[in-house]
Amino acid sequence: LCSELGHTYNHGRRIIPLMKIVHVITSLDDGGAEAVLFRTIQNLPEDEHIVVSLLGLGKYGKLLQSIGIEVIDLEMTNVGRKLTAVFRLTRLLGLIAPDTIQTWMYHADFVGGVAARMAGVNNVVWGLHNSLVSLKGNPWSRFAMIRLNGVLSYLVPDRILCCSESALLAHQSIGYNKRKLVFIPNGYPVDIFRPNENARFAIRAEFGLGETDVVLGMVARLDPQKDHVNLLDALVLLKEAHPFKCLLVGKGLEQNSKLLVEIESRELVQDVILVGPRSDVQGIMNALDICVNASFTESFPNALCEAMACGTPCVVTNVVDSDMIFGDTGWVVPPRSPEKLAAALI
């Protein structure tokens, strides 16, 4: 892809002309795609980057601004602004005149892709970060966008990047242009995510946990696809076999009333700690004895790869590219099977 866009390579070193790249993303809240966008920009300092968010600055908008990246918020917060988003972005791209548009997630693929073509941008790259393409498990608005983009995939993007092979195959199966689909797995900063005993002790001390405590954790925003209830059901079974503490880390988890009801009904109040979002996930991963993923679908499990980089064992559900990612280094169980998840934890 880079060679097609005019990049050249010489003995492993990039010789790249300065490119102006506009990234269009649905939001910049705490999430996997948002984190990958941030890391991508951090590691391509030779190029000029401008980020356009459809829905606010969020966590990563502020982080991008802190490293000198221009971030523009289209503020698609009401019907009127949603309907005019493509035209407003088209005008904006006409002023910026980028060499390349890279879009992230379905709504941004549509808005950014159509606007780029209307503005005459030659290189348009879509990004797919989801493996679940059916109506079951997706809001109707997202499902409609998935199918609409499938039709537009023949007209709008030059390439469609998928962060997992399962995402590539899922979109190919519903009619996306297979000649444009490319699998590029996510990357991770192993200078940050690495074994760190000091971080382990510090995080455990923060939550009143001792070195002999068995500490599990799941780092995932509150979302039906992450299936926190599956994990809670497994913890009920685990509690019969072994004492533990479980940290639930991610957006929407901090003192969430509905989740608290689920925890209380299973008598897990003394065992589960709702942490909420954190900026020191590398410290959290070091504090854990086991990192868990209970999802019934994923795009690419960033949190688990970060845990592996910290040397933390993982118990995961068999979604996306689990076999490729974990090999024989973790425990893989079927989704929505708390009994097997508990057995693997034990």
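Colleague: What does the side chain of Asp 73 reach at 3.0 Å?

Modeller: The side chain of Asp 73 reaches the backbone nitrogen of Gly 56 at that separation, 3.0 Å. A polar contact of this kind is a pair of N or O atoms within 3.5 Å; within protein, one must be able to donate a hydrogen and the other to accept it, and residues adjacent in sequence count only if both atoms are side-chain atoms.

Colleague: Before we go on, what kind of model is this?

Modeller: This is a predicted model, in which local features need pLDDT of at least 70 and side-chain atom pairs count only at pLDDT 80 or more, while totals for chains, interfaces and linings use all residues. Residues are numbered from 1 along each chain as its sequence is written, and side-chain values use heavy atoms, with hydrogens and water left out.

Colleague: Back to Asp 73, then. Which backbone nitrogen does its side chain reach at 2.8 Å?

Modeller: That is the backbone nitrogen of Glu 75. Asp 73 itself belongs to strand β5, residues 70–73. Helices (H or I, at least four residues) and strands (E, at least two) are DSSP runs, numbered from the N terminus.

Colleague: Which residues is Asp 73 in contact with, leaving aside neighbours within four places in sequence?

Modeller: They are Ser 53, Leu 54, Leu 55, Gly 56 and Leu 57, where contact means heavy atoms within 4.5 Å. Leu 55 is 18 residues from Asp 73 along the chain, but their C-alpha atoms are separated by 6.6 Å.

Colleague: Is Asp 73 partly exposed or buried, and why?

Modeller: Asp 73 counts as partly exposed because its relative accessibility is 26%. Buried means under 20% relative accessible area, exposed over 50%, and partly exposed in between (1.4 Å probe, protein chains only).

Colleague: How does Arg 200 come out, buried or exposed?

Modeller: Arg 200 counts as buried, because its relative accessibility is 14%. This residue lies in helix α8, residues 197–206. Its side chain makes a polar contact with the side chain of Glu 211 at 3.2 Å, and a polar atom of the Arg 200 side chain lies 3.5 Å from the backbone oxygen of Leu 288.

Colleague: Changing topic: which residues of α4 are buried?

Modeller: Ala 85, Val 86, Arg 88, Leu 89, Thr 90, Leu 92, Leu 93 and Ile 96 are buried in α4. Among the elements that the buried residues of α4 pack against are β5, β6 (100–104) and α5 (106–118).

Colleague: What span should helix α4 have?

Modeller: The twelve residues of α4 (residues 85–96) should span 16 Å at 1.5 Å a residue, and the end C-alpha atoms are 16 Å apart, which agrees. The expected span is 1.5 Å times one less than the number of residues. Just after α4, Ala 97 takes a positive phi of about 55 degrees.

Colleague: And why is strand β7 largely enclosed?

Modeller: Five of the six residues of β7 (residues 123–128) are buried, so the strand is largely enclosed by the rest of the structure. β7 pairs with β6 in the parallel sense over three bridges; two strands pair if DSSP finds at least two bridges between them.

Colleague: How does the chain cross from β6 to β7?

Modeller: The chain passes through α5, and this β-α-β crossover is right-handed. That term applies if, with the strands pointing away from the viewer, the path from the first strand over the helix to the second runs clockwise. A right-handed β-α-β unit is also made by β7, helix α6 (residues 140–152) and β8. Four bridges join β7 to β8 (residues 159–162), and these strands run parallel.
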